[in-house]
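This briefing concerns one protein model.

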Amino acid sequence: MAKNKIAKEILEWALTIIIPVVAALLIHQYLFTFARVDGISMLDTLHENNIMGVSRLHYRLNEPQRGEIITCNYPEDGNKLFVKRIIGLPGETVELFMGQLFIDGEMMDEDYLTYFDYRAFGPVTLGEDEFLVMGDNRPRSRDSRSADVGPLKRSEIKGKVRMVLWPEFKKIE
């Protein structure tokens with residue numbers, strides 16, 4: 001009788017620990033996670049060491065849109081996450097000229113930029129499953145303009161940045 005009581009107690013403790021751990025892992029993997037900004041490529045929107053809330057569920061239900069800030073993997077960098085802004089969508093032609101962004105020949109207004117890069121880029125026409133991403137600090141960003149990065153595949157987009165949680169709360173639209 002005592003052995004059954006001990007086994008039942010062990011089982012209860014195991015379930016009390018295992019269920020929340022499995023739930024937390026599932027939430028982290030499929031719904032929501034946190035990430036830290038490492039670098040200056042997204043200044044002035046995001047700053048080094050900002051802690052961001054990232055929705056992993058968003059892109060399971062929605063297609064990426066221009067202007068969204070995302071976490072992504074670069075093909076050559078394995079599982080390391082990068083934070084960038086979506087600039088070009090599948091099928092579009094993207095060009096940078098004299099610090100101005102052109103999509104399909106139309107000049108885009110980028111009111112979030114404070115750091116412009118006057119080096120020419122493109123024109124580049126994206127494939128049906130390709131997205132062009134750039135940092136907001138254009139002169140200091142390794143992004144889709146770099147030969148070792150290039151356009152991203154849809155599968156390399158991992159989550160949508162929803163908010164900065166630390167050091168100061170800020171909602172990201």
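The points below are grouped by topic.

The structure is a predicted model, in which local features need pLDDT of at least 70 and side-chain atom pairs count only at pLDDT 80 or more, while totals for chains, interfaces and linings use all residues. Residues are numbered from 1 along each chain as its sequence is written, and side-chain values use heavy atoms, with hydrogens and water left out.

**Nonpolar surface**

- A nonpolar patch of about 1100 Å² includes Trp13, Ile17, Val21, Leu25, Tyr30 and Leu61; patches are made of residues with over 30% relative accessible area and no salt bridge, nonpolar side chains (Val, Leu, Ile, Met, Phe, Trp, Tyr) being joined within 5 Å.
- Accessible areas come from the Shrake-Rupley method with a 1.4 Å probe, and for residues only the protein chains shown count as cover.
- Helix H1 (residues 2-30) gives the most to this patch, with eight residues; helices (H or I, at least four residues) and strands (E, at least two) are DSSP runs, numbered from the N terminus.
- Val21, found in helix H1, is partly exposed at a relative accessible area of 45%, where buried means under 20%, exposed over 50% and partly exposed in between.

**Buried cores**

- The largest nonpolar core has 12 residues, among them Tyr59, Cys72, Phe82, Phe131 and Ile157; such a core is a set of buried Ala, Val, Leu, Ile, Met, Phe, Trp, Tyr and Cys residues joined through side-chain atoms within 4.5 Å.
- Strands S3 (69-73), S4 (81-88) and S9 (130-134) each give two or more residues to this core.
- A second, separate core of 11 residues includes Met42, Leu46, Val83 and Val161.
- Leu113, in the loop between strands S7 (106-107) and S8 (121-125), is buried at 7% relative accessibility.
- Beyond four places in sequence, Leu113 is in contact (heavy atoms within 4.5 Å) with Asp136 and Arg138.

**Salt bridges**

- The whole structure holds 11 salt bridges, each a side-chain nitrogen of Lys or Arg within 4 Å of a carboxyl oxygen of Asp or Glu.
- Arg142 is partly exposed at 31%, and Asp77 is partly exposed at 27%.
- Arg138 and Glu110 form a salt bridge at 2.5 Å, N to O, and both are buried.
- Arg138 lies in the loop between S9 and S10 and Glu110 in the loop between S7 and S8, so this pair ties together parts 28 residues apart in sequence.
- Asp117, Arg119, Asp143 and Arg145 are linked in a network of salt bridges.

Methods. Patches are made of residues with over 30% relative accessible area and no salt bridge: like charges are joined within 9 Å, nonpolar side chains (Val, Leu, Ile, Met, Phe, Trp, Tyr) within 5 Å. Buried means under 20% relative accessible area, exposed over 50%, partly exposed in between (1.4 Å probe, protein chains only).
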